[in-house]
Amino acid sequence: PEPEIDGQRTYRLYNPYNGKHLFVQSQTEVDQLVAAGWTSEGSHKMPASSRTPVYRLYNQYTTEHHYTTDKDEYDRCVKGGWTGEGISFYSDDDKAVPVYRLYNRWAPVGTHHYTESATERDNCIKAGWKLEGVGWHYMD
């Protein structure tokens, strides 16, 4: 579905060829990526706006995307060579569903991982990923 009147959907996709995840807001983009071989892993409702923007960055050398609610971190990444893509979506200020942010400096791609699943979070931690806390929140 396209964005809703009182919020929008954020879709998580997975590329089985390179192990990367991507978060997008357009059903059209989801359809294009699925046609190109990505796997849609579902969607969550997000507020149309909030006090907590989620910024998206792109690294042209690793072709990775990074997400943060920290404007200072966003600015540091841009100064470090990442392409700042601005606000991608907004976090739920009511903090209904946490999305955990994990980091693995040894990962060949996707050094950051984001998941709302406590099981997936715990499996990543057991595999050596470091929990960095909550990246943002979904509404549902």
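Residues are numbered from 1 along each chain as its sequence is written. In this predicted model, local features need pLDDT of at least 70, side-chain atom pairs count only at pLDDT 80 or more, totals for chains, interfaces and linings use all residues, and side-chain values use heavy atoms, with hydrogens and water left out.

Confidence was examined through pLDDT, the predictor's confidence in each residue, from 0 to 100. The protein averages a pLDDT of 92. A score of at least 70 is reached by 95% of the residues. Helices (H or I, at least four residues) and strands (E, at least two) are DSSP runs, numbered from the N terminus. Confidence is highest in helix α2 (residues 71–79), at a mean of 98. It is lowest in strand β2 (residues 20–24), at 92. Over residues 1–5, pLDDT stays under 50. For residues 1–5 the model has eight contacts beyond four places in sequence, a contact being heavy atoms within 4.5 Å. Where pLDDT is low, the predicted coordinates should not be read in detail.

Strand β4 (residues 53–59) has two antiparallel partners, β6 and β5. Two strands pair if DSSP finds at least two bridges between them. β4 and strand β6 (residues 83–90) pair over five bridges. Here L57 has G84 of β6 as its bridge partner. Five bridges also link β4 to strand β5 (residues 64–68). N59 stands opposite E64 in β5. The two strands β4 and β5 form a hairpin, with four residues between them. In the turn, T63 has a positive phi of about 55°. β4 is mostly covered, with six of its seven residues buried. Buried means under 20% relative accessible area, exposed over 50%, and partly exposed in between (1.4 Å probe, protein chains only).

Helix α3 (residues 118–126) is capped at its N-terminal end by S117. A side-chain oxygen of S117 lies 3.3 Å from the backbone nitrogen of T119. Just after α3, G128 takes a positive phi of about 110°.

A search of the whole structure finds nine salt bridges. A salt bridge is a side-chain nitrogen of Lys or Arg within 4 Å of a carboxyl oxygen of Asp or Glu. One of them joins the side chains of E120 and R12, at 3.1 Å from N to O. E120 lies in helix α3 and R12 in strand β1 (residues 8–15), so the pair ties together parts that are 108 residues apart in sequence. E120 is partly exposed, at 24% relative accessibility. R12 is buried, at 9%.

Another salt bridge joins D93 and R51, whose closest N and O atoms are 3.6 Å apart. D93 lies in the loop between β6 and β7 (97–103), and R51 in the loop between β3 (39–46) and β4, so this pair ties together parts that are 42 residues apart in sequence. D93 is partly exposed, with a relative accessible area of 22%. R51 is exposed, at 71%.

Within helix α2, K71 and D75 are four residues apart, or about one helical turn. Their side chains meet in a salt bridge of 2.7 Å, N to O. K71 is partly exposed, with a relative accessible area of 38%. D75 is also partly exposed, at 29%. Elsewhere, salt bridges that share partners join R12, E41 and E120 into one network.

Conventions
Polar contact = N/O pair within 3.5 Å; in protein donor to acceptor, adjacent residues only side chain to side chain.
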